[in-house]
Amino acid sequence: DSPGRWLFPDFLSPSECDAEIASAQAHGFVRADADFPPSYRNNRRLVLDDPSRTEALYARLLTRLPADALVRDAHGRRWRPTGVNPRLRYCRYEPGEAFHLHQDGVRHERDGRRSLLTFMIYLDDPDRFDGGATRFFAHGPEGDASGDHPVLLSLRPPRGSLIVFDHGLWHDGAEVLAGVKHVLRSDLLSDAGFAAGLAEMAPHVAHRPREVFAGLEGVLPQL
């Protein structure tokens, strides 16, 4: 696919999605607004460290990526993907709940690895809930010169889909109007890999979001 955005349909099977939801429910969700202002996010979530699960997810991702894939950061440095952050964040959205405009934070490991890309799996089919789209924006909270917030792309992908995107992209999880939405989120970890001539997997795109999403609707018209 073209650089800066990847959506992998059927990354998890329907039964695997149901198992992820059931496991998260068994552990128990807590309200995110205990740690964040409700004006920022008011959904429920579960934070769980599970290295064996993320190793399995990364092994599956490797079957979809070029063997020589690299990530390029904002300074042009190349990083080699090495795994999925073992800290999983399960998010549950009920009616009236949302995660407002934000950028995702970078995870730094003690061994020098860091995250550049968000790794997020949709666990429910979109016919199970109304609203709740993942929306990507051209600008941050201040908006454009007119104060508007034009949406570049709005996604409600099928259950089991994985989306991988640059941490620097402004996005939100729109308010769920009816039903319940679950997602599983982590990060793709990379370490420094400066070998020239290898495929560039994900140029840093925070400064050119329109280019990133140009033509995606044509590639994935069902979304």
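Analyst: Happy to! Buried residues account for 48% of the 223 residues in the protein chain. Keep in mind that this is a predicted model.

User: Thanks. How many helices and strands does the protein chain have?

Analyst: The protein chain has four helices and 16 strands.

User: And what share of the contacts between residues at least 6 apart join residues at least 24 apart?

Analyst: That share is 84%, counted among contacts in the protein chain between residues at least 6 apart in sequence.

User: Let's look at α1. How many residues does it have, and what is its reach?

Analyst: Helix α1 covers residues 14-27, which is 14 residues. From its first C-alpha to its last it reaches 20 Å, close to the 20 Å expected at 1.5 Å a residue.

User: Which residues of α1 are buried?

Analyst: The buried ones are Cys17, Glu20, Ile21 and Ala24. They sit on the same side of α1 because they cover an arc of only 95° around the axis. On the other side of α1, Ser15 and Ala26 are exposed.

User: What happens just after α1?

Analyst: Gly28 comes there, and it takes a positive phi of about 100°.

User: And where is Asp10?

Analyst: Asp10 lies in the loop between β1 (5-8) and α1. Its phi is near 60°, a positive value in a residue other than glycine.

User: Is Asp10 buried or exposed?

Analyst: Asp10 is exposed, since its relative accessible area is 59% and the exposed class begins over 50%.

User: New topic: which residues have the most contacts inside the largest nonpolar core?

Analyst: Those are Phe11, Leu61, Phe119, Ile121 and Leu162, in a core of 27 residues. Strand β8 gives the most to this core, with four residues.

User: What is Leu61 in contact with, leaving aside its neighbours within four places in sequence?

Analyst: With those neighbours set aside, Leu61 is in contact with Phe8, Phe11, Phe119, Leu162 and Leu188. There is also a second, separate core of 15 residues, which includes Tyr93, Phe99, Tyr122 and Phe136.

User: While we're on that part, what about Ala59? Where is it found?

Analyst: Ala59 is found in helix α2. It counts as partly exposed because its relative accessibility is 44%, a value that falls between the 20% and 50% cut-offs. The C-alpha atoms of Ala59 and Val84 are separated by 9.4 Å, and these two residues are 25 apart along the chain.

User: Now the sheets. What is the order of strands in the open sheet of four?

Analyst: The order is β7-β13-β10-β11, and the pairing is antiparallel. β7 (99-102) and β11 (151-155) stand at the edges with a single partner strand each, so one side of each is left without a neighbour in the sheet. On average, neighbouring strands of this sheet are turned by 15° against each other, direction ignored.

User: How many bridges are there between β7 and β13?

Analyst: There are two bridges, and β7 pairs in the antiparallel sense with β13 (residues 171-173).

User: Last one: what stands opposite His102?

Analyst: That would be His171 in β13.

Terms used
Residues are numbered from 1 along each chain as its sequence is written. This is a predicted model: local features need pLDDT of at least 70, side-chain atom pairs count only at pLDDT 80 or more; totals for chains, interfaces and linings use all residues. Side-chain values use heavy atoms; hydrogens and water are left out. The expected span of a helix is 1.5 Å times one less than its number of residues. Buried means under 20% relative accessible area, exposed over 50%, partly exposed in between (1.4 Å probe, protein chains only). The arc is that of the directions from the helix axis to the C-beta atoms. A nonpolar core is a set of buried Ala, Val, Leu, Ile, Met, Phe, Trp, Tyr and Cys residues joined through side-chain atoms within 4.5 Å. Contact means heavy atoms within 4.5 Å. Two strands pair if DSSP finds at least two bridges between them. Axes are lines fitted to C-alpha atoms, for helices over the stretch in contact, and angles run from 0 to 180 degrees between N-to-C directions.
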